[in-house]
Amino acid sequence: MKSQLLSQLIKKEFLLEFRQKSTLAGILVYIVATVFISALSFKKIIHPTVWNALFWTIFMFISVNVSSKSFMQETKGKGLYNYLYYNPRQFILSKIIYNMMLMAVLSLLTFFFYSWFVGNMVQDIAMFLLALIFSSSAFSGVLSLMSAIASKANNNISLMAILSFPVLMPLLLVSVKLSKHAIDGLAWSVSYKYLLILIMLNFIVVALATLLFNYLWKE
Amino acid sequence: MIKWWKILSALLILYTLVLGMLGPVPHLNILHETIRNVYYHVPIWFAMLFQMGYSVVYAIKNLSKNDIETDIISNQAAQTGLFFALPGLLTGCMWAKFTWGTWWTFQDPKLNGVAIAVLIYLAYFILRSSIDDEQKRARIAGVYNIFAFVMMFVFIMILPRLTDSLHPGNGGNPAFAKYDLDSHMRMVFYPAVIGWVLLSLWILDIKKRLAILTHKENEQ
């Protein structure tokens, strides 16, 4: 019963997203335009560190943009409805899982366009993709909670950035390090430590978000 | 009525100020006399971390009890902690200049961690100021406080041990405790830690009494 409700909630998120195709299209245009601008302004990137840093900066801004929406459409009436009908844990989990899926797809798309326009420097693609998937899931976990907090505090977008950037920093640094290893094509025995940290951070973030959302939920 | 631990704090800090400057220290390369900074720099960071921890404990209390006074204490502890970050940074910068040759370096995870901690608590205060309703502010700020503290803790405590750091005790550098902290230094260092933590508690005590009184006056 419980898992059924959760899957229904996730389905609802997808339905809402696809009903309003303009936001999804907007994000796609955002990705392509950002990557294109960086390709035009950098012309050619020779240094792998620069390639890596630019990629993660773009990634961070895209994920903040995508996930900040997750609680923005919750109006007062809708919030009351959700409060009456759903369990807070399921509700935040559905948001997080939905954001994880969306971000995983979008990060792969970003990587695709980035390596197309700017050039691909990654030697160990499998490791890079792993880093991408796990960091995008951890990012969406953090950002879903931050979006919930920002939506309770008058919903302004700059607050979302102020709240989430410092909290994302530890995550981002681990992902940058891990993906740098993947770019240099280092052996997995060197980088599995960082992959483990990233997975552990995923668990911490999701556990904390589901625990703490309970208290945000009550009006 | 003045409490005994306040007098103890003043005495301990006075003791470490005098003995820290005059007492014998081991002569080491690069560090030379700057090793005395260990009596000030490290205890100040301990005091800051203590205050941040205090703030989180009261944030948890606030979420479980819904008592507005715990939120006031949590806020004041975070402010006191941020206040202690300032002398911590200043002594750290000075020490870095004379041993590593630069005021600030982005290579060191502890320095980055501190910069992020300061950003996190600034964001915390901005969040607080953007919510008008008292009960709502207490709850939301508490949630952010707990979440941010865990992330900061991961950053400051765990990551430096995995990557290289210029600080002693990390990334292959030996910790002070291994051989530099001889018995003379311990005699000063441990009282210094207790003294500075007590001083931070003293500041918090005054701040929280003032804040609670102001809150009661505003209610009437």
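Which loop of chain B is Asn66(B) found in? Select Asn66(B) and you'll land between helix 2 (41–65) and helix 3 (68–99) of chain B. Helices here (H or I, at least four residues) and strands (E, at least two) are DSSP runs, numbered from the N terminus.

Some housekeeping before we go on. This is a predicted model, where local features need pLDDT of at least 70, side-chain atom pairs count only at pLDDT 80 or more, and totals for chains, interfaces and linings use all residues. Residues are numbered from 1 along each chain as its sequence is written, while chains are lettered from A and ligands numbered from 1 in the order in which they are written.

**Stop 1: stay at Asn66(B).** Look at the backbone: phi is positive, about 60°, although Asn66(B) is not a glycine. Asn66(B) counts as partly exposed because it has 15 C-beta neighbours inside 10 Å. The scale goes like this: with C-beta atoms placed from the backbone, a residue is buried if 20 or more others lie within 10 Å of its own, exposed if 12 or fewer, and partly exposed in between.

Stop 2: Two residues are in contact if their C-beta atoms, placed from the backbone, lie within 7 Å. Among chain B contacts between residues at least 6 apart in sequence, 74% join residues at least 24 apart.

**Stop 3: click on Ser200(B).** This residue is in helix 7 (residues 183–219) of chain B. Is Ser200(B) buried or exposed? It is buried, because 25 other C-beta atoms lie within 10 Å. Leaving aside neighbours within four places in sequence, show its contacts: Ala47(B), Phe50(B), Gln51(B), Thr80(B) and Phe84(B). Now draw a distance to Val25(B), 175 residues away along the chain: the C-alpha atoms are separated by 27 Å.

**Stop 4: show both chains.** Here 24 residues of chain B are in contact with 19 residues of chain A. On the chain B side, helix 4 (109–129) and helix 5 (134–162) are the elements that give two or more residues. Helix 5 of chain B gives the most, with 15 residues. Colour that side by class and you get 20 nonpolar, 2 polar and 2 charged residues. Ala, Val, Leu, Ile, Met, Phe, Trp, Tyr, Cys and Pro count as nonpolar, Asp, Glu, Lys and Arg as charged, and the others, Gly among them, as polar.

While you're here, pick out helix 4 of chain B: buried residues in it include Pro109(B), Tyr121(B), Tyr124(B) and Leu127(B).

**Stop 5: pick Tyr144(B).** Not counting residues up to four places away in sequence, Tyr144(B) touches Ile149(A), Leu163(A), Tyr124(B) and Leu127(B). Tyr144(B) is also one of the residues that touch the most other members of the largest nonpolar core, which has 117 residues. Such a core is a set of buried Ala, Val, Leu, Ile, Met, Phe, Trp, Tyr and Cys residues joined through C-beta atoms within 7 Å. Its largest share, 14 residues, comes from helix 6 (residues 125–152) of chain A.

**Stop 6: finish in chain A.** Select helix 5 (residues 88–117) of chain A, and then Gly119(A), which follows the helix and has a positive phi near 110°.
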